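Colleague: Before I use these coordinates for anything, could you take me through them, chain by chain and contact by contact?

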Amino acid sequence: MKERFYVKEGLFKSLSFASALIIVLICIAMFVVLFVFSYPAIKQFGVVHFILSDAWNPVRKVFGGAGAIYGTIVTTVLSLIFAVPVSLGIAVFITQICPHSLKRYFSNAIELLASIPSIIYGMWGLFTLAPLMRNYIEPFLQKIFLPIPVVRCLFEGTPLGIDLLTSGLVLSIMIIPFISSIARDTFELVPKELKESAYAMGATKWEMIKDVIFPYSKIGVLSGIIIATGRALGETMAVAFVLGNDHNIHLSLLKSSTTISVTLANEFTEADFSLYLSSLFYLAFILFIMSFTALGLAKFLLKRMKR
Amino acid sequence: MNLVKKRKIKNAIALSASVFAAIVGLFWLVFILSSVLIKGASSINLSLFLNDPVPPGIPGGGLRCAFVGQAIITLIATLVGVPIGVLGGTFLAEYGRYKKYSGIISSLADMMTSFPSIVVGVFVYTVMVRPMGHFNGYAGAVALAIIMIPIIVRTTEETLKLIPWELREAAFALGAPYYRVIKDIVFRGAATGLFTGILLSVARVAVETAPLLFTSFNNSFLTLNPNQPMPSLTVTIYQYAMGPYEAWHRLAWGASFVIVLFVLVMSVFGRWIISKRYKNG
């Protein structure tokens, strides 16, 4: 009887240990596989040259990742510019302004945005948002910004609605719940005594938020923003619908472009010779490194904050 | 007096900006849901569920094969992912609770939940589709399982850590081995939480698109054999929405309606279970 317990105990323990280990194995295997398969392209084009060259030409067998990397970074930065102020406003609203009885419903509603699948964002972006951008918002922006000398190069070209600006907007809606829920959680960690002492000094609510809550929770908010960056970098479907697939670099936000993930989605099954496929693996490898760095940094900051 | 007024005005402006941000957030939610539900509802009919796709131009096609394929892929992914995820999470919360390396594994799992899902698709393509020589449903299911495992590991770990340590000690004192304690005390106490966590994770992964693009691919015929390319709702939506035909767009909207409804029902149901349990406890 006792021996059977030992056997079962050992079996259960090693099974569960193996399952936990699978996480590590998958990570390592992904790294190795991506590296091995992108090696021919790394050898052919080098690291710096591949990142800086925007020549993506399957016919001439020349590949450079700059177009896709540029699109990835620009859409991510745009989405952060749109999402960060809104998310912080939402977090302030939930923790400081919202009546207590509505708090839970409102938080749930915002978190619902995170559970809408990305393909739905893509559908909605293509059929609902893009026409609105094309017909109303982008002509309006052009009317304002085209007369201004330097800013005008960001808004040149025919507004099509399928461009960097629309993609950034769709991405920003997707990452709002991630930033706002982490910001909300860290805002709620601020000790009551600190807030009350600010009020006792005669501070208004906004002064208390600005001088007590924001400084106290800056690391938490920062890590939330970095997690959202990691999400935005690798998002595929939502962007694939509204970005087009253009490897050239345009300064204008009203031009179509591509990101690493969109390039993979569009070209991976069509790559018909090994160098092409290897270059796509190279792009995937770069994306892997980028998001791993971002997510690791966020994790590190959160750990330090908890301590 | 003037300064006080200035500060009060600043306060009012900042707070109304925050309320405005909240309205913007709600506005996007309502805008997206309503446009999908309104456009989708008009495309819902019986033939969407009962018929297979027909060539463009012929009326009366449906997406039966995609519904079936999606169900099969999700089922296999769940069968692979849930046991591994639950066991892994159990290890992190029980045997390895105070070990340093389980902290690292837990962080790694947390990072993987935000990982680009298309890279997982590329990875599974290399290790499964290439050696097997053709796109197949198993590869799609494995890709979904790889995304599912870290999510379930994390929810399991968090749920099990909520069970008070004293309960386990009481069982140890009766002479129970650890695996019996986990099975009869910890899992039983955490059953509702575990179930909800798993349900929400499966629902979240079931509607992924990117990892299926290069693994299960697509197919416009009904197939029950996961060793063949398998259609899924999400990939079909991608293909149909990007296509040129009005009838395809209508089918894509119908499928989107079903997916959004599924996600809404799942998350409301999950929250309902949690809140009910919260009240009883």
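Predicted model: local features only at pLDDT ≥ 70, side-chain atom pairs only at ≥ 80, totals over all residues.

Colleague: Are α3(A) and α9(A) parallel, perpendicular or oblique to each other?

Modeller: Two packed helices are described by the angle between their axes and the distance between the axes. Helix α3 (residues 66–97) of chain A and helix α9 (residues 218–234) of chain A have axes 9 Å apart, at an angle of about 135°. Since angles from 65 to 115 degrees count as roughly perpendicular and those over 145 as roughly antiparallel, α3(A) and α9(A) are therefore oblique.

Colleague: Which residues of α9(A) make the contact with α3(A)?

Modeller: The crossing in which α3(A) passes α9(A) is right-handed. From α3(A) the contact takes A:T72, A:T76, A:S79, A:L80, A:A83 and A:V84, and by class the residues of the contact divide into seven nonpolar, four polar and no charged. On the side of α9(A), the residues are A:I225, A:A228, A:T229, A:A232 and A:L233.

Colleague: Is A:H49 buried, partly exposed or exposed?

Modeller: A:H49 has its place in helix α2 (residues 47–52) of chain A, and its C-alpha atom is separated by 9.1 Å from that of A:A66, 17 residues apart along the chain. A residue needs 20 or more other C-beta atoms within 10 Å to be buried and 12 or fewer to be exposed. Because 13 other C-beta atoms lie within 10 Å, A:H49 is partly exposed.

Colleague: Is A:K61, with its positive phi, buried or exposed?

Modeller: A:K61, which is not a glycine, has a positive phi of about 60°, and the residue lies in the loop between α2 and α3 of chain A. Because 11 other C-beta atoms lie within 10 Å, A:K61 is exposed.

Colleague: And is B:F217 buried or exposed?

Modeller: B:F217 is found in the loop between α9 and α10 of chain B, and its phi is near 55°, a positive value in a residue other than glycine. Because there are 22 C-beta neighbours inside 10 Å, B:F217 counts as buried.

Colleague: How far apart are the end C-alpha atoms of helix α9 of chain B?

Modeller: Helix α9 (residues 191–206) of chain B includes buried residues, among them B:L194, B:I198 and B:V205. Its 16 residues, at 1.5 Å a residue, should span 22 Å, and the distance between its end C-alpha atoms agrees, at 22 Å.

Colleague: Which helix supplies the largest share of the side of chain B that touches chain A?

Modeller: The interface puts 70 residues of chain B in contact with 66 residues of chain A. Helices of chain B that each supply at least two residues of that side include α1 (2–41), α3 (64–93) and α11 (246–280). By class, this side of chain B has 48 nonpolar, 16 polar and six charged residues. The largest share, 20 residues, comes from α1(B).

Terms used. Residues numbered from 1 in each chain as written. Chains lettered and ligands numbered in written order. Contact = placed C-beta atoms within 7 Å. Helix = DSSP H or I, 4+ residues; strand = E, 2+ residues; numbered from the N terminus. Nonpolar A, V, L, I, M, F, W, Y, C, P; charged D, E, K, R; others polar. Axes fitted to C-alpha atoms, helices over the stretch in contact; angles between N-to-C directions. Parallel < 35°, antiparallel > 145°, perpendicular 65-115°, else oblique. Left-handed = near helix turned anticlockwise from the far one by under 90°. Expected span 1.5 Å × (residues − 1).
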